[in-house]
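Q: Please walk me through how to read the features of the model shown here.

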Amino acid sequence: MARTPFIAGNWKMHKTVQEAEDYIQGLLPRVYSADGVDVAICVPFTALQAMVDSTRGSRVEVFAQNMHEADHGAFTGEVAAPMLTEIDVHGVVLGHSERRQYFNETDKALSYKVLAALDAGLKPILCVGETEEERERGDTERKLRHQVQEGLERLSSDQIAAVTVAYEPIWAIGTGKVATPEQAQDAIAFIRALINDKAPDGAPLSRILYGGSVSPDGAPELLALPDVDGALVGGASLEPESFARIVDAAVQVAAA
Ligand code: PEP
C-alpha cells in the first residue's frame, strides 16, 4: 500500500503573524504543483488563524505545535483540541523533544493527547527519539519501544493508522548532525515493526517521518529510504525557499 509522502515544517517559537503572512505568500506559489505530497506548517498558536485563512484552498495544511488532553478546564495557558478544530486547524505535533525536555511532557500525558486529538478530528504527529547518550549506550530501541507503545496505548488499530510518527533523534535536532541513512532506516523500520505488533492492519498505512537537521541538500537521500515517508523539518522550514526545495525532493522521490 503506497503511503503519500508528508513534509511538515515546524516553526517552533518563530514568526509573528506579519512574518507568517509574508512567509506563506512566498511558499504557496513554490509548492503549488507539488502533486502527490502532503505539506503542513506547524505554527505558533497566535499565527494559526491567519495561516488557516491564508492557506484555504491550497495544498498546505496548518498544524499546532501542542495541545492539552482535556477538552476544557482549569489549565491556565493551555489550548484544547476543540479550540483548534473550531478555527479549522488540521493537525497537531505532540511530544516534540523540546516539549518533553523543557515542559516535562510525559508518555502517559501524550497517550491521552493523541487520543484527544483523533477524537476531535485532528491529525496527530507523535514525536519520538533517543538522546545521544541513549544511542551510545545501545538503548535506542528500548527508548523507542517505550515511547511508541505508551504513546499509542489508548488507540484502536484504525486510530493507530491515522497517527503520523516522527522519528527525531534528539542529537540531530537543530545541531546540523543528521542521522546516517542506515540509522534513520533502521530506527524507522523498528518503529514500523512496533506499530505492526499493535495494529497489523494499520502498520502498512502508518506514516513515519524522519526529523533532525533535514536540509534541501540532504533530503533526497533520506526521503528515498524505504520506510521513510517524509520529514519533520525545523530550521530549514523557516525560509519558504529551503522548505519548498525539501517538498520538491519528496515530489521527485514519489515520482521515481
Ligand atoms: C524539529 O524541530 O523537529 C527539527 C527536526 O528541527 P531541525 O530540522 O532544525 O533539526
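**Reading aromatic pairs and the barrel**

A: Start with two residues: phenylalanine 6 and phenylalanine 63 are both buried (under 20% relative accessible area, with exposed over 50% and partly exposed in between, using a 1.4 Å probe and protein chains only). This is a predicted model, in which local features need pLDDT of at least 70, side-chain atom pairs count only at pLDDT 80 or more, and totals for chains, interfaces and linings use all residues. Residues are numbered from 1 along each chain as its sequence is written, and side-chain values use heavy atoms, leaving out hydrogens and water.

Q: How many aromatic pairs does the count come to?

A: A pair of aromatic rings is described by the distance of the centres and the angle of the planes. Rings of Phe, Tyr and Trp (its six-membered ring) pair if their centres lie within 6.5 Å; planes under 30 degrees apart are stacked, over 60 edge-to-face, and the rest tilted. The count here is three aromatic pairs. Among them is the tilted pair of phenylalanine 6 and phenylalanine 63, at 5.9 Å centre to centre with 50° between the planes. This pair links distant parts of the chain, with phenylalanine 6 in strand E1 and phenylalanine 63 in strand E3, 57 residues apart. Tyrosine 167 and tyrosine 210 also form a tilted pair, at 6.4 Å and 55°.

Q: Why does the pair of tyrosine 167 and tyrosine 210 tie together parts that are 43 residues apart in sequence?

A: Because tyrosine 167 lies in strand E6 (residues 164-167) and tyrosine 210 in strand E7 (residues 208-211). Strands (E, at least two residues) and helices (H or I, at least four) are DSSP runs, numbered from the N terminus. Tyrosine 167 is buried, with a relative accessible area of 0%, and tyrosine 210 is buried at 1%.

Q: In what order do the eight strands close into a barrel?

A: Two strands pair if DSSP finds at least two bridges between them. The order is E1-E2-E3-E4-E5-E6-E7-E8, with parallel pairing. Four bridges join E1 (residues 6-10) to E8 (residues 230-233), and isoleucine 7 stands opposite alanine 231 in E8.

Q: Which charged ends sit over a ring?

A: The criterion is NZ of Lys or CZ of Arg within 6 Å of the ring centre and within 35 degrees of the ring normal. The charged end of lysine 15 sits over the ring of tryptophan 11, 5.5 Å from its centre. For arginine 99 over phenylalanine 103, the distance to the ring centre is 4.2 Å.
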